[in-house]
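Please open the model in the viewer and keep the sequence at hand. The tour begins with the whole chain and then turns to a single residue.

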Amino acid sequence: MNLALSLARKAAARGEVPVGAVVVRGGRVIAKGYNRREKKKNALRHAEMEAINKACRKLRGWRLCGCELYVTLEPCPMCAGAAINARIDRVIIGAADPKNGALCSVARLFELPFTHRPELVTGVLEKECGAVLSDFFRALRAPGAPTRK
């Protein structure tokens, strides 16, 4: 999760919502990603999607059995669905997302009867993950802060 946090900070430094994600298999980092929606002007460029895409390419297949996904913020429905479809074994999240979270906040997609249900671990480095997000949005709303379009 510490690596995912450093990726979240990298995203923040680039004006992106600070979310970082890391795919691990057998204790080794396979792939990593961070939000790039603003820079790429693409709704699909979430941290989890970036990491899952890179892991599929590295492992030369769409099934990520034996892999874990570490992510600093609870995934949205799209990213939770990607974890299900990629057959990721376990998703480890830092901070909950009470507005868009699809695993334990707004919805609980991993509890639905899909053909694959990843294990869910919550609250890993929760305070640190939450602080990166809070700091980013506080700075974004500060008087004189640049506006986002």
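Colour the chain by secondary structure and follow it from the N terminus: the elements run α-β-β-α-α-β-α-β-β-α. In total there are five helices and five strands, where helices (H or I, at least four residues) and strands (E, at least two) are DSSP runs, numbered from the N terminus.

The model is predicted: local features need pLDDT of at least 70, side-chain atom pairs count only at pLDDT 80 or more, and totals for chains, interfaces and linings use all residues. Residues are numbered from 1 along each chain as its sequence is written, and side-chain values use heavy atoms, with hydrogens and water left out.

Switch to a view of burial. Of the 149 residues, 42% count as buried, that is, under 20% relative accessible area (1.4 Å probe, protein chains only).

Now select E16, in the loop between helix 1 (2-13) and strand 1 (20-25). Is E16 buried or exposed? E16 counts as buried because its relative accessibility is 2%.

Show the neighbours of E16. Leaving aside residues up to four places away in sequence, E16 touches A11, N35, R36, R37, E38, K39 and F136; a contact means heavy atoms within 4.5 Å.

Finally, select E38 together with E16. A polar atom of the E16 side chain lies 2.9 Å from the backbone nitrogen of E38.

Technical notes. Buried means under 20% relative accessible area, exposed over 50%, partly exposed in between (1.4 Å probe, protein chains only). A polar contact is a pair of N or O atoms within 3.5 Å; within protein, one must be able to donate a hydrogen and the other to accept it, and residues adjacent in sequence count only if both atoms are side-chain atoms.
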